[in-house]
Amino acid sequence: MHNAISPMGSAAMFAELEAIWTRAATAWMATHFSAARSEYGQVLTMAEIPPQYQSYARLRIAQSYQAEGNTATAKAAYALIAADTACPEVHRSEAAECIREIDRQAQGLPARDAAASRTKIAPVAPAREFFVAPDGSDAHPGTAAQPFATLNKARDAVRALKANGLPAGGVAITMKRGEYPVRETLALMSEDSGTPESPIIYRSETIGASTLYGGVRLSGFTPVVDPAVLARLPEEARGHICQCDLRSLGITDYGELKVRGFGLQRTPPPTLELYCNGQPQILARWPNEGFVGIDRLVAPGNAETGEPSVIGYLGGRPERWTRAEEPWLFGYFKYLWADSSIKVGAIDTAAKTLTTAEPYDYSGGMDTGQGIIYYAYNLLEELDQPGEWYLNRETGILYFWPPVDPAAATIEIGMWAAPMLTMTGVSHVRVESLVFDLARENGLILTDCEHCLIAGCTISRFAGNGITVNGGHGNGLYGCDVHTVGRRAAEVLGGERESLTPGGHFVENCRLYNYGRIDRTYTPAIQLEGVGNRVAHNLMYDGPSSVMRIEGNDHVIEYNEVHSVVRESDDQGAIDIFLNPTYRGLIFRHNYFHDNGKTGAEHGVHGQAAIRLDDAISGVQIYGNVFVRSSNGNFGAVQMNSGRDNVIDNNIFADCHWGISGGWYPGNSVWQGIRNDDAPADFYTTPLYRSRYPAIAWMMEAPGCNFLWRNIFFNCGAERKPHGSDVDALANGVYRHTDPGFADAAGDNYTLAPDTSPITRLGFRPIPFEDIGLYADACRASWPVQTTPVAIPDWRQNVTCIRPDIRGDAEISSTWHVFAPLPPAFPPPTGEQLLGIPASLIVNGQSLTPVPVVVEDGRLDLAELLHGTAPEKEAWLYIPFTTCAGGETTLGLGADWWLQAWVDGARICDTLPDGNGAYPPTGMDHLVTLSLAPGAHLLVVRFISGSNSSQFAVAGPAAIVRLWDEEHWWTVAQGGCAATKHKTVLVGEKSRISNAGGDPT
């Protein structure tokens, strides 16, 4: 078989394996290691067994020798696994690590070396030093006693020094304590480079004590007395609002509000923001929190014709804004993962509509498929709570409801509208321990640099991006704090995909938080692109969307802690990757994801995950991670949209609704595009790629598979959300009623002792939980660091625990009759055509005959009949069913994405206004109970496809009960779901040993 790892095998083979795993685990628990080895040895003699099962058996044999103290034999067994390319890469890497641990213990050292995963930043002892001080002068020689005033002057002094050669040990530019107003960009070019032996360092004399400052502090706030302004203010705000005349302070550049958001802007504009005591204030808005929906979509907008977008508003609030100078809307106007800011052009209080100044121009205009939500901002009329402000750009008057006494507060705006530091073509330069603070645009930009380091710096309060590393090789961001930024905290782009040349950049031991404040989606803490870069030991939190957006190959993401992200957007993960199945070689190892996703009743359609492999992402390794409270909506903690060859091994899933959701689906638009010679950009299947990633050679062949091995599922709703894809499950442990032995699960410590069930029964490799996240270091910008995650409701609160009242005995026929494809304007069948299966339907004057389709498990993928997946392809399905007893009968339906349904000619279901509301669709999405006579009946369904698939499901009463019970095993007889307000009933438990471990049956 060509596949290095495959799920193929007979039912008899899997039954035999299951028996072997059980006997071996029993022997192991009794410390009869030789008996356990004998059982595992049988696997090695089985013919045609997939290689991962033999590899797992070999790992267990090596572990058994180690468990009984025979380290020499264990080491030899591990060495054979590590060298065998037939073994999965995760097993080979684990075996190599076990060998290193055995060798360390033989030397009397602890098994694990915590420093092994940490980059060592070598100290530098420069031979020459220039000084800069706030009270210095550029006429000075730059000594400690007579320092320069600016970094640019110090840079020029180093250039002059270089004319005679850099001294061994390098040169330091040391900034004395204080604040340095930024009046020009520090631009370093290739002539400012150091060498490996003589690096050049820009640093603070004390970490965090020297600040490059791009703002201005405001003063002169007075009460508002203008009657015209007071009349526009909310009544509750009058008496609280003060004003500041910026022009009197010499400030005349107020920036511009512009259309911005995902898919709408070329270059984000410099943006003025207001801060009080270091915290960003709120540009006056309504509602004060969250979003509101619309009454109706009047016009989606058309960029080609210039026709604006028009929405009907609910209530009467916009009627207060008719005198507003420049009202704007921020919201999600088509997809809940695509944010937009757009100006209001007109308010019609009679028609109750808002018309945009220019059409919403992303993907065909506004659309209600996922529900339009928005808030209005930049409104003096909505300045109604402490912390809100408004700037009249015509008069230069800033209005503010200060949260504290303005006379005792520090009130600032950003002024500098360019990067503070640029490095282009520079090598061997270090920037250490500086603070870059408050500006309207981006912070630091490194372009095509080599072996440069930004270490121990704080980059804060930028309206654009914090740090960008674009191109070059071997650059590092280390020990930095990057926070309160309008867009991305960091961008790291390095390496060349066509040749798979690694970039070698790294982001390590950094604290990245409060990002994506202005542009809310696709502005992660780290945008990572290219080949061969590493992100490790970081703490990343507090973001509306993803914490990392990844493109490319061979990146390693390890030892990071991620929490409180994906709090606003939908259909995304804390880690989000999409579109290109040749993005291979990605490794996620020893990361801790917790408390991620929406926090309450926020609007959502799909869900939020910890790691989302979207649109055919394949060949990813997810090993040794911990996922806690990171499964929201319809997504598991790991969500796979149509990809294959992903290995999810040796992870812990705790308190997640689903551990894993989704799987391989060949009808995805990416796979279809590849088949139709319309592959994504930079889609490589060259000999180099096939050599590096052999699975590319057969990625278009069926069946596709994903691999779930040795995972622990603790207090999860289900280890996997039901899906029709192929999954290879091996030695997973499901612990629904007992703690498998965590050090302190209630305190979120998921360390496992060596004698616990997952280790002894499953061969689970302990995760170095204590090594995850930040660590103390002389180059850390701040220490210690403590954070409080945003509380995520228990997943049981989001699901009704009372099983619906399922009635009847209807049985759905396995033979359906399908008319497809049909044009969107196809007239609905007549009443008679809804009462029986018609011989034909007339489409554009032509007769279309039905295709009989045999359907298993009530699920049908219509992609083939619709000639591919694309939005709004239409089909009509005629599905016979029978009921013996008659009376009240429950049917369930689901479709990606719209359906209408009739039984015996009567309409029973219509999802055209709101869509299905869940993905993938199941026969439990829309339940209908109707009264029927005994005998034969006919279900007729109008199906309209969504963007990503063409799946339809229908279920009778028995199937609905089965589906519900699988998803709601946690319901108990006494007391019900303690975390919910619903009364519950016993519906049966789904508690089992998964291959080799878990709760006892």
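Strand β30 (residues 458-462) pairs with β33 in the parallel sense, over four bridges. Strands here are DSSP runs of E with at least two residues, numbered from the N terminus. Two strands pair if DSSP finds at least two bridges between them. The model is predicted: local features need pLDDT of at least 70, side-chain atom pairs count only at pLDDT 80 or more, and totals for chains, interfaces and linings use all residues. Residues are numbered from 1 along each chain as its sequence is written, and side-chain values use heavy atoms, with hydrogens and water left out.

Look at the bridge partners. Five of the five residues of β33 (residues 481-485) are buried, so the strand is largely enclosed by the rest of the structure. Buried means under 20% relative accessible area, with a 1.4 Å probe and protein chains only.

Now turn to the rings. The whole structure holds 37 aromatic pairs. Rings of Phe, Tyr and Trp (its six-membered ring) pair if their centres lie within 6.5 Å; planes under 30 degrees apart count as stacked, over 60 as edge-to-face and the rest as tilted. Tyr-335 and Trp-337 are stacked, at 4.5 Å centre to centre and 5° between the planes. Both residues are buried.

The criterion is NZ of Lys or CZ of Arg within 6 Å of the ring centre and within 35 degrees of the ring normal. Arg-285 lies over the face of Tyr-375, 3.6 Å from the ring centre. Arg-217 lies over Tyr-213, at 4.4 Å.

Methods
Buried < 20%, exposed > 50% of the residue type's maximum accessible area, 1.4 Å probe, protein only.
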